[in-house]
Amino acid sequence: MIRFFDEKYYQPPAPSMHAALSTFFVDDGSTLACARRGDISPEAEDHFLNREGVREWRDRVVMFDVPEDVRGVSSTMVRSAVAEGGERLDGVLLESVRRIVKERGFYQKL
């Protein structure tokens, strides 16, 4: 979520952050789902969601808690596991998700 609301990812020739977020949230009617992993305090979360550039879209951001046993799962961890052959994905991703990652070559270096 931090990167999603960071202006540095919306540099020309891309649309401005506000224009891109307006398209995402208003034109497309999308919602951003963000999983809490237990490493950010409720106060820090509230502060972030109330800052300029985020506040306007706060009602389109859905925060939810992740069960403790999967809080360590991240795209970084999955990329690392794929790079090492994928064995560490057992028990971390559903079998159907592991199959899609493998079949579609997600996280493979080009």
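1. The buried residues of helix 1 pack against strand 1; helices (H or I, at least four residues) and strands (E, at least two) are DSSP runs, numbered from the N terminus. The model is a predicted one, in which local features need pLDDT of at least 70 and side-chain atom pairs count only at pLDDT 80 or more, while totals for chains, interfaces and linings use all residues. Residues are numbered from 1 along each chain as its sequence is written, and side-chain values use heavy atoms, with hydrogens and water left out.

2. Which residues of helix 1 are buried? They are M17, L21 and F25, where buried means under 20% relative accessible area, exposed over 50%, and partly exposed in between (1.4 Å probe, protein chains only). These residues lie on the same side of helix 1 because they cover an arc of only 35° around the axis, the arc being that of the directions from the helix axis to the C-beta atoms. An α-helix has 3.6 residues a turn, so residues three or four places apart point the same way. The face turned away from the buried side of helix 1 carries V26 and D27, both exposed. After helix 1 comes G29, with a positive phi near 70°.

3. The largest nonpolar core has 13 residues, of which F5, L21, F25, L49 and V61 touch the most other members. Such a core is a set of buried Ala, Val, Leu, Ile, Met, Phe, Trp, Tyr and Cys residues joined through side-chain atoms within 4.5 Å. At least two residues of this core come from each of helix 1 (17-27), strand 1 (32-36), helix 2 (42-49) and strand 2 (61-65). Helix 1 gives the most, with three residues.

4. Neighbours within four places in sequence aside, L21 is in contact (heavy atoms within 4.5 Å) with F4, F5, Y10, V26, G53 and W57. Apart from the core described above lies another, of seven residues, including M77, V82, L93 and V101.

5. Helix 3 (residues 75-83) has M77, V78, A81 and V82 buried. They fall on the same side of helix 3, because their arc around the axis is only 135°. Helix 4 (95-104) is included in what covers the buried residues of helix 3. Just after helix 3, G85 adopts a positive phi of about 110°.

6. Leaving aside neighbours within four places in sequence, E45 is in contact with R36, I40 and M63.
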